[in-house]
Amino acid sequence: MAIYLDDVSRTFGEYLLIPGLTTKQCLPSNVSLKTPLVKYKAGEKPAIGLNIPFVSAIMQSVSGPELAIELARNGGLSFIFGSQPIASQAEMVKKVKKFKAGFVISDSNLTPEHTLADVLELVQETGHSTIGVTDDGTPNGKLLGLVTGRDYRQEKDSHDMKVKDFMTSFSKLIVGYLGVTLSDANQIIWEHKLNALPIIDKEQRLQYFVFRKDYDSHRDNPRELSGEDKKLMVGAGINTRDYKERVPALIEAGVDVLCIDSSDGYSEWQQETLHWIKGQYGNKVCVGAGNVVDKEGFNYLVDAGADFIKVGIGGGSICITREQKGIGRGQATALIDVAGARDEYFKRHGVYVPICSDGGLVHDYHMVLALAMGADFLMMGRYFARFDESPTKKLTIGNRFVKEYWGEGSNRAKNWQRYDMGGKEMLKFEEGVDSYVPYAGKMKDNLDITLGKIVATMCSCGAIDIPELQENAKITLVSSTSIVEGGAHDVILKDQN
């Protein structure tokens with residue numbers, strides 16, 4: 001006979017937070033959003049932590065290198081999507097790792113024999129106005145000069161003009177030498193009023209650029225998430241098929257953490273994948289697993305070696321797994337159940353395994369509810385897909401700007417490995433849709449507003465960090481009528497243009 005669960009499958013929209021005592025310590029400036037990403041023993045610190053509890057979804061339409069860079073600069077972490085060839089995914093990881101606390105490997109380079117037409121084409125392709133001129137046109141060739149927008153006039157100069165005839169030659173450049181500290185490099189920039197400082201070795205070979213704008217950006221992003229080597233941190237998604245080839249390539253590229261990407265992670269396929277990774281690399285490689293929606297799934301994957309667990313099936317805005325297969329659970333109920341299992345595991349074994357809430361977040365206040373219910377961090381797709389930094393196109397539909405957003409279970413993504421049921425079967429039906437989301441502009445502008453709301457709500461709950469929120473938050477179920485009451489009602493709203 002089938003097993004029937006007594007609890008109702010509930011979503012975040014069915015709950016509200018009850019205010020706690022807001023003490024004088026509950027100031028936004030005192031609130032910490034730091035949270036562990038991977039498991040750790042009691043009394044110790046996790047090998048990897050986040051400065052904000054956000055990671056981006058393992059999706060083609062979300063987590064490319066540009067978004068990964070921007071999210072890491074703001075304290076979170078991206079998982080570069082795995083539904084692509086191994087080489088291209090590894091290259092995306094490398095692109096993120098090139099950002100070494102202001103020391104940037106040049107990816108815009110030409111030789112002196114190139115032309116102004118080549119310069120304009122490269123600027124159009126990369127968006128970078130500073131071009132290193134090296135003897136062989138490579139990022140580490142002998143530096144012979146620089147080209148910036150001040151060296152040519154696009155409208156008046158001949159596009160056939162050779163780079164050597166208008167570049168700023170090496171003899172006129174201010175440079176730094178390999179080994180210079182970022183602080184000293186920035187001091188040189190300020191003293192000489194430079195926009196960019198080339199860093200060269202003893203053989204005059206170009207190694208890095210340090211840009212004035214990166215100094216400003218670092219100052220404006222105090223939560224930046226970087227490792228001991230000062231490089232930005234980045235994750236990557238893997239599947240249970242080609243992991244023996246994909247994982248080594250990602251590790252060689254410098255990836256910091258992996259996550260098995262699957263709509264249903266409670267499987268022997270994930271167990272085998274975890275066993276192989278841990279057998280090959282031990283604790284040197286951190287890998288998350290999922291998705292699960294109950295304590296049995298949690299315990300199974302943790303026992304297999306997972307460093308964090310992803311919770312949620314069918315709650316994403318573009319996910320139709322529940323509609324197609326009747327599989328899933330309300331995100332709030334799933335999270336509460338798995339959080340209880342996480343706490344029981346910690347009491348029994350003295351090992352804390354973080355859980356990630358994936359899906360079901362419609363409003364910003366749902367994020368606080370998810371954290372209060374036990375999530376250590378949140379994985380989001382739709383939220384990040386709206387921004388300039390996501391890899392999709394910005395389009396005009398009607399009178400509004402939108403960005404494309406599609407599920408990994410859609411035919412467009414062709415990510416059948418994510419829905420792998422073993423054997424040789426491929427994707428027979430879709431579990432995701434192809435859609436649009438309203439365009440929202442730059443990530444940082446939106447992220448600052450969202451984090452401001454989270455911090456303010458935590459203060460209203462009397463909590464100044466996430467563990468305190470989880471321990472002391474008071475949560476109540478709401479009726480459908482009270483949900484209506486919570487919005488604007490019984491008034492005539494003015495037109496908002």
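This is a predicted model: local features need pLDDT of at least 70, side-chain atom pairs count only at pLDDT 80 or more; totals for chains, interfaces and linings use all residues.
**Entry: strand E17 and its neighbours**

I began with strand E17, residues 287–292, and asked how far the rest of the structure encloses it. I found that 6 of its 6 residues are buried, so strand E17 is largely enclosed by the rest of the structure. Looking next for its partners, I noted that strand E16 (residues 257–260) runs parallel to E17 and is joined to it by 2 bridges, with Leu258 having Val287 as its bridge partner in E17. With helix H8 (residues 295–304) included, E17 and E18 make up a right-handed β-α-β unit.

**Entry: cysteines**

I searched the whole structure for disulfides and found 0. Cys259 is in no disulfide, and the nearest cysteine sulfur to its own, that of Cys356, lies 7.3 Å away. Seen from Cys356, the closest cysteine sulfur is that of Cys259, and I noted that 7.3 Å is too far for a bond, because a disulfide requires the two sulfur atoms to be within 2.5 Å. I also checked accessibility: Cys259 counts as buried at 0% relative accessibility, and Cys356 is buried with a relative accessible area of 0%.

**Entry: the sheet E8-E9-E10-E11**

I followed an open sheet of 4 strands in the order E8-E9-E10-E11, and its pairing is mixed. Strand E8 (109–110) and strand E11 (168–169) are at the edges with a single partner strand each, so one side of each has no neighbour in the sheet. For the pair at one end I noted that strand E10 (residues 143–147) and E11 are antiparallel over 2 bridges, and that Gly145 stands opposite Ser169 in E11.

**Entry: the second largest pocket**

I looked up the volume of the second largest pocket, which comes to about 770 Å³. Its lining consists of 29 residues, and those nearest its centre are Thr35, Pro36, Tyr40, Pro46 and Gly49. Going through the elements that contribute, I found that strand E2 (35–36), strand E4 (49–50), helix H10 (331–349) and helix H14 (466–472) each supply at least two residues of this lining. By residue class, I recorded the lining of the second largest pocket as 12 nonpolar, 8 polar and 9 charged.

Notes:
Residues are numbered from 1 along each chain as its sequence is written. Side-chain values use heavy atoms; hydrogens and water are left out. Two strands pair if DSSP finds at least two bridges between them. On a 1 Å grid over the protein atoms alone, a cavity is a set of points where a 1.4 Å probe fits but cannot get out, and a pocket is an open set with protein on both sides within 12 Å along at least five of seven lines; lining residues have an atom within 4 Å of a point. Grid points are joined across faces, edges and corners, and a volume is the space filled by probe spheres set on the points. Ala, Val, Leu, Ile, Met, Phe, Trp, Tyr, Cys and Pro count as nonpolar, Asp, Glu, Lys and Arg as charged, and the others, Gly among them, as polar. Buried means under 20% relative accessible area, exposed over 50%, partly exposed in between (1.4 Å probe, protein chains only). A crossover is right-handed if, with the strands pointing away from the viewer, the path from the first strand over the helix to the second runs clockwise.
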